[in-house]
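Please keep the sequence and the structure in view while reading.

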Amino acid sequence: MESKSKNKSKSVGRVYLVGAGPGDLGLVTLRAKECIEQADVIVHDHLANPEMLGWARDEAEIIYAGKKAGEHALSQEKINTLLVEKAREGKRVVRLKGGDPFVFGRGAEEAKAIVDAGIGFEIVPGITSAIAGPAYAGIPVTHRAENSHVTFFTGHEGAEKTESAIDYAALAKLGGTQVMLMGVERIESIAREMLKHGVSENLPVALVRWATTGRQETLTGTLENIGRRVVDLGFEAPAVAVFGEVVALRESLNWYEKRPLSGKRIVVTRTRRQASALSDRLRALGADVIELPTIRIEPPSNLLEFAELVQVAHAYDWIVFTSPNGVTAFFDTFFKLYDDAREIGGAKIAAIGPATAQRVKDFHLHVDLQPDEFVAEAVVREFQKQGVENLRILLARAEKARDVLPKQLSSLGAIVDEGFAYRTVAETRDDTGARRRLLEEGADLITFTSSSTVENFLALGLPWPKRMKVASIGPITSKTVRDHGLNVDVESRRHDIEGLTEAIRSFYAKGAGNG
Ligand code: SAH
């Protein structure tokens with residue numbers, strides 16, 4: 001009895017069966033995002049875009065349940081047990097499933113297991129690939145003039161079934177638009193069965209693979225030739241197939257695959273935290289972005305020494321920041337030492353680049369000097385104009401940075417101290433499978449946003465994918481690229497993320513990237 005009341009006083013867990021949508025992060029519902037943000041445990045599938053795991057709390061336990069056809073990380077029974085067990089521990093369990101949880105995803109079985117165990121649950125519907133796939137291929141599943149109903153069916157046959165689970169006679173009679181999930185690898189025999197049951201050999205068919213992601217591809221044909229085409233082109237799962245006259249509308253309504261960077265796979269090499277700005281911009285233009293973290297920001301080797309400089313920052317005439325990371329590291333330390341921003345005293349602040357300046361402004365401090373060009377040499381020129389003889393300058397920057405600044409400022413007569421605020425180390429983890437994707441699928445272009453991203457990417461020792469071109473944020477990064485024996489194909493004229501995005505867009509607009 002006693003133990004029972006104890007159990008009751010413990011918070012009761014709950015399972016959220018959440019639809020992760022078809023792949024595009026923008027197609028995730030607000031409720032799904034909320035659930036992910038609050039989850040204690042997340043059990044996710046092969047088809048749920050792993051990037052949304054970035055919304056989870058750091059402490060959340062993340063479990064991969066599979067399943068790519070044929071390679072189940074966990075059996076269905078184990079998944080059901082896992083959900084129940086974690087909920088019984090009092091946890092908020094999010095079961096994240098591709099598309100909609102109740103459309104061919106065995107969500108119904110999971111819900112049943114949860115309810116049978118007496119555990120509370122919630123269903124968060126998602127945008128199913130059955131609708132989003134066609135839509136992103138420019139195929140409306142209904143059209144007033146073409147059809148008055150849509151059918152979803154699965155092309156997957158349970159292994160235990162001896163007879164076909166698909167009622168071809170009924171499908172043939174029904175007509176309308178028919179959307180098939182799973183079973184791309186059996187499309188040839190499925191089409192043959194449909195023909196046998198009297199469906200026209202000219203019926204338009206489309207297959208959309210990796211719909212709504214940067215890797216979306218669409219293959220069209222007729223009932224008569226689609227099977228051959230799939231084999232010839234090696235068109236693979238996951239894909240949705242659409243059978244019906246509406247497929248022809250794609251000719252005028254195809255939009256997603258026509259964006260400026262559609263079909264281009266681009267590697268973004270940055271630290272986890274910084275990657276998204278560039279990735280977001282490239283994705284918005286249609287690129288398939290592989291976000292490959294090569295470096296991670298760590299505290300400096302000698303934090304104490306840095307902290308001592310930060311402590312006396314008010315004694316300097318100028319503090320110079322060369323990167324947003326330097327600003328963050330500086331103020332993280334500063335506000336551990338002081339609880340009042342005024343302790344910075346009369347020190348003036350210089351920042352290289354708009355992102356660095358913005359990070360300073362985030363701390364509600366004024367940037368006194370921000371050169372038009374975003375390189376160290378430009379700061380030196382500005383200081384030369386103003387005259388810095390006998391002025392005390394504190395440089396807050398990364399370990400192993402170039403010595404242009406300390407050398408040249410000293411030669412102008414300034415008294416320069418270097419504070420090593422952080423260091424960059426090679427990123428060794430591959431949580432999102434980015435490294436594996438690069439190795440398996442290659443890429444069209446890689447972006448480098450600093451010399452250290454070049455060095456750190458090469459330090460990973462990954463084989464260079466055939467035909468992968470290089471885009472660099474500016475001349476200094478480009479020099480590092482060339483010093484390593486590589487070519488620079490794109491160089492940004494404005495040395496920031498926007499400039500780099502624009503340079504890549506115009507590179508491909510000119511058709512330069514083709515071939
Ligand atoms: N619950 C999911 C479907 C799960 S069954 C949903 O509502 O979308 C798995 C099948 O869904 C795959 O074999 C494929 O046919 C389809 N699928 C899921 N995501 C897809 C995507 N991004 N592109 C194409 N097909 C997808």
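This is a predicted model: local features need pLDDT of at least 70, side-chain atom pairs count only at pLDDT 80 or more; totals for chains, interfaces and linings use all residues.

E193 counts as partly exposed because its relative accessibility is 24%, whereas K196, at 62% relative accessibility, counts as exposed.

Another salt bridge joins the side chains of R95 and D45, at 3.1 Å from N to O. This pair links distant parts of the chain, since R95 sits in strand β4 (residues 92–97) and D45 in the loop between β2 (41–44) and β3 (61–64), 50 residues apart. R95 has a relative accessible area of 0% and is therefore buried, and D45, at 12% relative accessibility, also counts as buried.

## Other charged contacts

The side chains of R342 and D340 likewise meet in a salt bridge of 3.1 Å, N to O; R342 is exposed, with a relative accessible area of 70%, while D340, at 25% relative accessibility, counts as partly exposed. Elsewhere, salt bridges link R215, R265, D288, R437 and E441 in a network, and the count for the model comes to 34 salt bridges.

F104, I131, V150, F152 and M182 make a nonpolar surface patch of about 380 Å². One of these residues, F152, lies in strand β6, which covers residues 150–154, and F152 counts as partly exposed because its relative accessibility is 34%.

Note on methods
Residues are numbered from 1 along each chain as its sequence is written. Side-chain values use heavy atoms; hydrogens and water are left out. Patches are made of residues with over 30% relative accessible area and no salt bridge: like charges are joined within 9 Å, nonpolar side chains (Val, Leu, Ile, Met, Phe, Trp, Tyr) within 5 Å. Accessible areas come from the Shrake-Rupley method with a 1.4 Å probe; for residues, only the protein chains shown count as cover. A salt bridge is a side-chain nitrogen of Lys or Arg within 4 Å of a carboxyl oxygen of Asp or Glu. Helices (H or I, at least four residues) and strands (E, at least two) are DSSP runs, numbered from the N terminus. Buried means under 20% relative accessible area, exposed over 50%, partly exposed in between (1.4 Å probe, protein chains only).
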